[in-house]
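Open the structure in your viewer and keep the sequence panel beside it. The tour below goes from one selection to the next and says what is found at each stop.

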Protein chains: 2
Amino acid sequence: MDDQVTLVQKTVVVTPEGSEETRETVAIEVPYKVALNDREIGASMVLETGLEEFGAGFLFGQGYITAPGQVREVLVCPEGRISVHADVDEEDEPREVIITSGCGGTGKISREMLEGAFEPLAEYSMGFAEIRRFIRAALHASPLGNQTHCVHGCAFWTGGDMVAHYEDVGRHNAVDKVIGAILLGKFSPAGAIYTTGRLTSDMVLKCARIGIPIVLSRTAPSSLGLAIARRAGVTLAAYARPHRLNIFHAPERIISPEPV
Amino acid sequence: MDDQVTLVQKTVVVTPEGSEETRETVAIEVPYKVALNDREIGASMVLETGLEEFGAGFLFGQGYITAPGQVREVLVCPEGRISVHADVDEEDEPREVIITSGCGGTGKISREMLEGAFEPLAEYSMGFAEIRRFIRAALHASPLGNQTHCVHGCAFWTGGDMVAHYEDVGRHNAVDKVIGAILLGKFSPAGAIYTTGRLTSDMVLKCARIGIPIVLSRTAPSSLGLAIARRAGVTLAAYARPHRLNIFHAPERIISPEPV
């Protein structure tokens with residue numbers, strides 16, 4: 001696979017003073033198909049990084065894969081196909097009404113997932129100082145966001161370290177890559193996930209389903225994202241900055257500093 | 001339909017100095033099904049505004065409706081269903097491989113749409129001063145973006161005026177509402193569209209398919225968004241601000257100021 005994920009374009013900047021040529025860095029968006037046990041399930045535009053993780057996470061997001069340990073092998077074909085082989089019960093594949101998400105990335109969640117019960121989340125809590133380290137680390141993990149303004153980042157923190165950082169042209173895809181890493185056994189869901197994207201329903205839903213107890217966003221949740229966090233018991237914090245966190249639900253997992 | 005599209009939540013802000021309760025405004029995200037001639041086509045999470053336009057635009061985005069004049073009637077049922085009645089040829093419905101978009105909103109575009117030829121765009125050009133007025137008008141059209149940080153805006157300018165401004169929890173949905181307004185005959189595509197969202201492939205594709213000649217974004221295009229603009233001949237300008245525009249393709253439709 002080619003490592004190049006950006007290209008440089010000539011552009012013309014116009015201001016009231018006149019116009020001049022400049023150059024901009026653009027993120028490369030590529031279509032990939034995802035297959036499960038040789039059956040094509042869907043396709044997505046992606047940034048060509050973390051594609052094995054993406055394949056697994058994509059299939060989790062759509063309800064085909066449901067837990068770590070099911071994935072046996074992921075093969076990435078650079079011509080645009082990710083083949084996931086997993087021990088899943090064909091009977092378990094998503095049924096019923098499928099909801100395409102408003103700003104939907106991988107695009108589909110079933111009504112069953114949206115309204116069903118949640119398994120208990122992994123046990124985890126963090127000090128505020130540790131969260132500050134995490135947010136700083138995520139912000140400094142890659143220059144791609146600032147270069148292209150066209151990718152979202154998603155990171156995972158556990159055991160005192162940032163153990164993953166992925167980017168993608170879609171905020172859902174970036175989260176899917178982190179969840180895929182959990183499915184591939186790279187780390188456990190007992191930790192905190194940070195996304196640069198908004199926490200709409202489907203974003204919170206997939207984090208809750210895999211069992212992540214702390215969900216942080218650089219920006220805001222929607223009403224339904226918050227409702228799902230409440231139902232699942234997820235700690236949801238928004239507008240996350242190195243010096244400031246706005247906790248919308250379950251603050252008890254975040255050990256705040258002593259008031260001055 | 002209820003006009004309320006936000007709600008206020010109590011949250012806890014944590015800083016190094018301690019924590020305190022505050023309140024945040026949250027955008028209300030609601031699932032809606034979309035039916036075409038009584039057949040359910042899909043569903044999406046939406047902000048409950050401009051739902052008739054959304055229904056038409058959603059079906060255009062997925063390739064079921066292809067041109068203004070096809071839509072006969074749109075009925076919105078506040079229980080979560082938008083019923084579009086349109087004169088479309090059942091034979092024309094999308095076939096072949098469906099691509100779910102990376103940050104995909106209405107979620108599906110066919111390979112045929114992605115790789116097919118484009119109809120000629122509407123003729124239109126604008127002075128830079130006029131574009132500045134448009135961007136300013138779009139930025140001031142609604143406080144919802146700044147209040148919730150969870151909605152995207154999309155506006156349309158033609159004949160010297162901003163003729164539409166819609167918002168949604170999804171950047172695609174907001175664009176779909178503007179395109180829906182064109183499909184419902186509210187205005188012609190001969191003008192400029194402004195979105196606060198990134199111009200990934202599917203975003204540019206739907207603007208090009210309906211024939212909009214000038215596409216402006218507050219933020220960046222992806223490689224494939226730019227490639228589609230080139231193929232279709234769309235003027236694509238990014239990082240649009242009242243005082244600055246960065247034109248990635250076809251600057252000839254934008255009449256720039258005389259250099260000082």
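**Stop 1: a covered helix**

Select residues 201–210 of chain A, which form helix α6; nine of its 10 residues are buried, so mostly it is covered. Buried means under 20% relative accessible area, exposed means over 50%, and partly exposed lies in between, with a 1.4 Å probe and protein chains only. Helices are DSSP runs of H or I with at least four residues, strands are runs of E with at least two, and both are numbered from the N terminus. The buried residues of α6(A) are S201(A), D202(A), M203(A), V204(A), L205(A), K206(A), C207(A), A208(A) and I210(A). Step just past the end of α6(A) to G211(A), which has a positive phi of about 100°.

A note on conventions: this is a predicted model, in which local features need pLDDT of at least 70 and side-chain atom pairs count only at pLDDT 80 or more, while totals for chains, interfaces and linings use all residues. Residues are numbered from 1 along each chain as its sequence is written, chains are lettered from A and ligands numbered from 1 in the order in which they are written, and side-chain values use heavy atoms, with hydrogens and water left out.

**Stop 2: chain A as a whole**

Now select chain A. It has seven helices and 16 strands. Of its 260 residues, 62% are buried. The accessible surface of chain A is about 9800 Å², and carbon and sulfur atoms hold 46% of that; areas come from the Shrake-Rupley method with a 1.4 Å probe, and for residues only the protein chains shown count as cover. Among contacts in chain A with a separation of 6 or more, 52% are between residues 24 or more positions apart. A contact here means heavy atoms within 4.5 Å.

**Stop 3: helix α7 of chain A**

Go to residues 223–232 of chain A. Seven of the 10 residues in this helix, α7, are buried, so the rest of the structure largely encloses it. Colour S223(A), L224(A), G225(A), L226(A), I228(A), A229(A) and A232(A) to see the buried ones. Just after α7(A) comes G233(A), with a positive phi of about 80°.

Which residues does G225(A) touch, leaving aside those up to four places away in sequence? They are L199(A), T200(A), S201(A), V204(A), L236(A) and E29(B). G225(A) has 0% relative accessibility and therefore counts as buried.

**Stop 4: the nonpolar cores**

A nonpolar core is a set of buried Ala, Val, Leu, Ile, Met, Phe, Trp, Tyr and Cys residues joined through side-chain atoms within 4.5 Å. The largest one has 67 residues, and L59(A), V84(A) and I193(A) have the most contacts inside it. Helix α5 of chain A, residues 171–183, gives the most to this core, with seven residues. Apart from this core lies another of 65 residues, including V71(B), A164(B), L199(B) and A238(B).

Centre the view on I193(A). Beyond four places away in sequence, its contacts include F134(A), F156(A), V175(A), C207(A) and L216(A).

**Stop 5: aromatic rings**

Rings of Phe, Tyr and Trp (its six-membered ring) pair if their centres lie within 6.5 Å; planes under 30 degrees apart count as stacked, over 60 as edge-to-face and the rest as tilted. Over all chains there are eight aromatic pairs. One of them is F156(A) with F187(A), stacked at 4.9 Å centre to centre and 15° between the planes. F156(A) is in strand β10 and F187(A) in the loop between α5 and β12, 31 residues apart. Both F156(A) and F187(A) are buried.

Move to chain B for F54(B) and F58(B): their ring centres are 5.5 Å apart and their planes at 50°, so this pair is tilted. Both lie in helix α1 of chain B, four residues apart, about one turn of the helix.

Last, show R209(A), which lies over the face of F60(A), 4.1 Å from the ring centre. In chain B, the charged end of R209(B) sits over the ring of F60(B), 4.1 Å from its centre. The rule for a charge over a ring is NZ of Lys or CZ of Arg within 6 Å of the ring centre and within 35 degrees of the ring normal.
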